[in-house]
Amino acid sequence: MTAVAEVQQDWVPDTRTLLIGDTDAQPEGESWDVFNPATEAVIATVGGASSSQVDDAVAAARKAFPGWAALSGEERSVHIHRFADALEKAADRLLPSIVNEVGCPVSLAAYLQVKMAVDEHLRWAAEAAKTDRTIHLGGYDKPVPTMSDVVHQPVGVVAAITGYNYPLNLAIFKFGAALAAGCTVVLLPSPRTPLTTLFLGDLIKEAGLPPGVMNVIIGGADVGQQLSSHRGVDRVSFTGSDGVGAKIMEQASANLAGVTLELGGKSPNIVLEGVDVKKIAVEMHLRWARNGGQGCAALARLLVHDSVYDEFLEAGASAFDQMIVGDPWDPATNIGPMIRPDHQARVNGFIDGSVAEGGKKLLEVTKPLPEKGWYVNPVLLGGLPHSARAVQQEIFGPVAVIVPFKDTEEAIRLANDTEYGLAANVYCDDPIEARRVAEQVRAGTVWINGGGSMRPDAPFGGYGKSGVGRELGEWGMKEYLEVKHIQWRV
């Protein structure tokens with residue numbers, strides 16, 4: 001290991017100021033420690049925004065809004081591309097920041113946490129800013145001849161509130177579209193992983209975004225509540241749990257502000273009759289365990305046809321030999337820690353509770369866990385009814401459950417037997433049948449035979465308790481646009 005690599009591994013951003021307008025503001029609110037979940041060490045102490053600083057950030061965004069909205073799409077595109085340039089140049093600092101505060105293995109983080117966010121999603125948003133979304137309705141002759149256009153205009157000030165597991169991606173999903181649409185933003189990260197977002201404040205200034213277009217504050221539940229219920233905020237975009245999402249929706253409703261909520265999931269992975277499970281079992285397990293299972297679209301509810309159930313278990317056993325739990329900086333590691341000890345305890349509670357209810361650990365990693373760090377060994381649970389807590393609720397850890405089914409219609413019924421509907425996958429050798437099943441599953445994204453990566457031009461969001469609205473693609477852009485009908489006599 002080189003000296004440069006060793007230094008990089010220890011690096012965390014030293015930015016502790018908030019960005020409000022063009023000012024690096026010293027936090028005036030409560031302070032708290034930020035931990036490295038892999039070592040349990042305190043890597044920073046940060047201070048959050050005071051109530052008056054939340055007001056100041058919203059006021060700065062409100063002040064900047066008319067000028068930013070008045071720019072042409074081409075002009076906003078230039079600014080957003082310049083911001084992407086700054087993020088690309090800082091990739092060697094964004095990577096260790098995320099690894100050290102999230103615990104995501106470096107083997108995954110370089111692409112999933114940094115490159116995909118900037119090179120694909122932010123660049124797409126920059127190009128989307130150029131699109132003229134005007135719709136010409138043409139003539140209408142009742143009671144007099146008229147012509148009409150439908151135009152799209154920016155909503156206004158956006159509160160972008162992100163989850164801890166993908167701090168850069170989730171932020172870009174929100175502010176990329178919001179900025180492209182002509183909105184201004186107040187960005188608030190999870191208090192568990194604030195360092196990468198604070199660092200974005202430096203990069204915002206480096207990129208030369210106009211003052212107030214992007215503001216960065218941090219804080220706990222009180223700051224989040226003030227921001228989501230603020231009279232100066234026109235739209236709230238949040239990623240996190242469905243419980244918190246419901247509270248944010250209630251808080252925003254006082255001002256009739258719109259909400260975009262990307263919440264939890266209990267995504268089914270359906271294996272239909274006739275599938276060669278030897279080709280897919282290992283990939284399926286490695287996918288739901290990715291990022292320690294701390295992903296809202298983790299396909300961790302395995303629905304497997306009776307005829308291939310035993311063969312699937314046998315074929316997937318080697319995946320657990322390939323799951324390396326430990327130091328996120330070890331290139332061999334693919335399973336990092338849980339974010340905090342309370343979350344580690346929650347995940348273990350699902351495992352222990354399932355066993356106590358009669359469930360079984362069908363497959364698991366049994367190697368001793370590191371002495372330090374909030375780790376959980378991956379496990380596949382079986383023998384549980386579909387109504388069991390571990391089958392129905394989002395665990396957000398490296399735990400999957402498997403449920404057999406007898407026929408395709410039962411698989412569809414089980415897939416839809418949940419309060420969530422974020423994502424799903426269907427393995428099927430018949431493309432026509434696979435498409436039929438995919439259309440019957442109530443989920444915002446359905447992959448067939450593993451699908452592909454998260455496209456920046458495709459919508460992401462879900463049914464039921466998985467959220468409200470969509471992010472990404474044109475559908476994500478429209479979350480930040482008001483529709484106006486303009487009609488004139490001819």
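# Reading charge, rings and backbone in a predicted model

Tutor: Asp276, Asp310, Glu311, Glu314, Asp429 and Asp430 together form a negative surface patch. Bear in mind throughout that this is a predicted model.

Student: Where does aspartate 429 lie, and is aspartate 429 buried or exposed?

Tutor: Aspartate 429, one of the patch members, is found in the loop between β18 (423–427) and α15 (431–440). Its relative accessible area is 58%, and because the cut-off for exposed is over 50%, aspartate 429 counts as exposed.

Student: How should I read salt bridges, and how many does a search of the whole structure find?

Tutor: The general idea is that side chains of opposite charge can pair when their charged atoms come close. In this structure the search finds 17 salt bridges. One of them joins glutamate 127 and lysine 130, whose side chains meet at 3.1 Å, N to O; glutamate 127 is partly exposed at 38% relative accessibility, and lysine 130 is also partly exposed, at 35%.

Student: Which residue forms a salt bridge with arginine 436, and which parts does the pair tie together?

Tutor: The partner of arginine 436 is glutamate 409, with the closest N and O atoms 2.8 Å apart. Arginine 436 lies in helix α15 and glutamate 409 in helix α14 (residues 408–415), so this pair ties together parts that are 27 residues apart in sequence. Arginine 436 is partly exposed at 32% relative accessibility, and glutamate 409 is partly exposed as well, with a relative accessible area of 46%.

Student: Where do arginine 413 and glutamate 410 lie?

Tutor: Both residues lie in helix α14, three residues apart, which is about one turn of the helix. Arginine 413 forms a salt bridge with glutamate 410, the closest N and O atoms being 3.8 Å apart, and arginine 413 is partly exposed, with a relative accessible area of 48%. Elsewhere, salt bridges that share partners join Asp85, Glu88 and Arg123 into one network.

Student: Turning to the rings, how many aromatic pairs does a search of the whole structure find?

Tutor: There are five aromatic pairs in the whole structure. In one of them, the rings of tryptophan 288 and phenylalanine 320 have their centres 6.2 Å apart and their planes at 55°, so the pair is tilted; planes would have to be under 30 degrees apart to count as stacked, or over 60 to count as edge-to-face. Tryptophan 288 lies in helix α10 (residues 281–288) and phenylalanine 320 in helix α11 (residues 306–322), so the pair ties together parts that are 32 residues apart in sequence. Tryptophan 288 and phenylalanine 320 are both buried.

Student: Where is asparagine 291, and is asparagine 291 buried or exposed?

Tutor: Asparagine 291, which has a positive phi of about 55° although it is not a glycine, sits in the loop between α10 and β13 (301–305). With a relative accessible area of 4%, asparagine 291 is buried.

Student: What is phi of asparagine 449, and where is asparagine 449 found?

Tutor: Phi of asparagine 449 is near 55°, a positive value in a residue other than glycine, and asparagine 449 is found in the loop between β19 (445–448) and β20 (463–464). Whereas asparagine 291 is buried, asparagine 449 counts as partly exposed at 41% relative accessibility.

Technical notes. Residues are numbered from 1 along each chain as its sequence is written. This is a predicted model: local features need pLDDT of at least 70, side-chain atom pairs count only at pLDDT 80 or more; totals for chains, interfaces and linings use all residues. Side-chain values use heavy atoms; hydrogens and water are left out. Patches are made of residues with over 30% relative accessible area and no salt bridge: like charges are joined within 9 Å, nonpolar side chains (Val, Leu, Ile, Met, Phe, Trp, Tyr) within 5 Å. Accessible areas come from the Shrake-Rupley method with a 1.4 Å probe; for residues, only the protein chains shown count as cover. A salt bridge is a side-chain nitrogen of Lys or Arg within 4 Å of a carboxyl oxygen of Asp or Glu. Lys and Arg count as positive and Asp and Glu as negative; His and the chain ends are not counted. The place of a charge is taken as NZ of Lys, CZ of Arg, CG of Asp or CD of Glu. Helices (H or I, at least four residues) and strands (E, at least two) are DSSP runs, numbered from the N terminus. Buried means under 20% relative accessible area, exposed over 50%, partly exposed in between (1.4 Å probe, protein chains only). Rings of Phe, Tyr and Trp (its six-membered ring) pair if their centres lie within 6.5 Å; planes under 30 degrees apart count as stacked, over 60 as edge-to-face and the rest as tilted.
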